[in-house]
Amino acid sequence: MINTLKKYFQGQNIPFLLLQVYMFVYFFQPAERYPFLQAFRLELLLTAITITAIFFYGIKIKFTKFDFIIFLFFLVMLISSIFSIWLSNSLQQIYQIFKLFMMYFFISTIISNEWQLKQFTYFFLFLLFVILWEPFFMGLQGQFAGMGEGGMRRAKGITDIASHPNTLGGIAATTLPFVFFLFRNHFKTHQKLFILFYLAMEL
């Protein structure tokens with residue numbers, strides 16, 4: 001455990017550490033939980049720091065055709081927002097998608113070896129576990145349930161990242177390939193039991 005923590009502060013692993021901090025802020029939404037943090041614009045601040053670290057440690061940036069498609073998508077969104085009836089909301093949605101794209105950009109640029117990929121996978125699943133656990137636990141207490149079609153009560157997340165039941169369901173579905181992979185490749189009984197609990201909580 002200590003050796004793993006030390007490895008985060010070695011050379012080019014520092015941008016990887018910043019990536020995980022960015023992921024934590026994006027998924028956990030600390031500024032929404034603690035309003036006094038909103039003034040710091042944590043995601044924009046971390047974006048600037050991580051980009052600086054990428055250049056400082058000489059990490060090569062390679063743009064793909066997919067990046068070009070995303071750029072065109074942003075361009076279309078910006079142009080269409082000009083004709084939006086609710087301009088402020090349109091710009092807010094563009095900002096949310098921009099933050100998601102920056103996470104994709106950091107992942108594709110920074111992760112360069114098997115150790116980083118494993119740490120990313122485990123940390124990603126941990127963050128989604130927290131997002132899913134909160135409404136699951138509160139749901140057992142009859143709290144944080146949204147109203148769906150036909151008046152049916154449905155679980156929803158605590159923060160905006162999963163504030164709609166469909167969004168929470170999408171997050172749960174996102175983890176399924178990872179959960180099945182981990183179940184096949186972890187052979188200790190307590191690990192399999194935890195993975196089965198994770199899967200049951202998603203369902």
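The following questions and answers go through a predicted model of one protein chain.

Residues are numbered from 1 along each chain as its sequence is written. Local features need pLDDT of at least 70 and side-chain atom pairs count only at pLDDT 80 or more, while totals for chains, interfaces and linings use all residues; side-chain values use heavy atoms, with hydrogens and water left out.

Trainee: What percentage of the residues of the protein chain count as buried?

Mentor: Buried means under 20% relative accessible area, exposed over 50%, and partly exposed in between (1.4 Å probe, protein chains only). The protein chain has 203 residues, and the share that counts as buried is 36%.

Trainee: What share of the contacts with a separation of 6 or more joins residues 24 or more positions apart?

Mentor: Contact means heavy atoms within 4.5 Å. Among contacts in the protein chain with a separation of 6 or more, residues 24 or more positions apart account for 63%.

Trainee: How many salt bridges does the structure hold?

Mentor: A salt bridge is a side-chain nitrogen of Lys or Arg within 4 Å of a carboxyl oxygen of Asp or Glu. Glu134 forms one with Arg33, and Glu43 forms one with Lys99. Lys118 and Glu114 also meet in a salt bridge. The number held by the structure is three.

Trainee: How many residues apart in sequence are the parts that Glu134 and Arg33 tie together?

Mentor: The closest N and O atoms of Glu134 and Arg33 are 2.9 Å apart. Glu134 counts as buried at 17% relative accessibility, whereas Arg33 is partly exposed at 23%. Glu134 lies in helix α7 (residues 114–140) and Arg33 in helix α3 (residues 30–33), so the pair ties together parts whose separation in sequence is 101 residues.

Trainee: Is Lys99, the partner of Glu43 in a salt bridge, buried or exposed?

Mentor: The closest N and O atoms of Glu43 and Lys99 are 3.1 Å apart. The pair links helix α4 (residues 42–56), which holds Glu43, to helix α6 (residues 87–110), which holds Lys99. Glu43 is buried, with a relative accessible area of 10%. Lys99 has 5% relative accessibility and therefore counts as buried.

Trainee: By about how much of a helix are Lys118 and Glu114 separated?

Mentor: Their side chains meet at 3.4 Å, N to O. Lys118 is partly exposed at 43% relative accessibility, and Glu114 is exposed at 55%. Because Lys118 and Glu114 are four residues apart in helix α7, the separation is about one helical turn.

Trainee: Which side chain of opposite charge is nearest to Asp67?

Mentor: Lys and Arg count as positive and Asp and Glu as negative; His and the chain ends are not counted. Asp67 lies in helix α5 (residues 65–81). Asp67 is buried yet has no salt bridge. At 11 Å, the nearest side chain of opposite charge is that of Lys62.

Trainee: With which side chain does the side chain of Asp67 make a polar contact?

Mentor: A polar contact is a pair of N or O atoms within 3.5 Å; within protein, one must be able to donate a hydrogen and the other to accept it, and residues adjacent in sequence count only if both atoms are side-chain atoms. The side chain of Asp67 reaches the backbone nitrogen of Thr64 at 2.8 Å. At 2.7 Å, the side-chain partner of Asp67 is Tyr104.

Trainee: What is phi of Gln29?

Mentor: Most residues other than glycine have a negative phi. Gln29 lies in the loop between α2 (13–28) and α3, and at 14% relative accessibility Gln29 counts as buried. Although Gln29 is not a glycine, its phi is positive, at about 50°.

Trainee: Where is Arg41, and what value is its phi near?

Mentor: Arg41 is found in the loop between α3 and α4. At 45% relative accessibility, Arg41 counts as partly exposed. Arg41 is a residue other than glycine with a positive phi, near 45°.

Definitions and conventions. Helix = DSSP H or I, 4+ residues; strand = E, 2+ residues; numbered from the N terminus.
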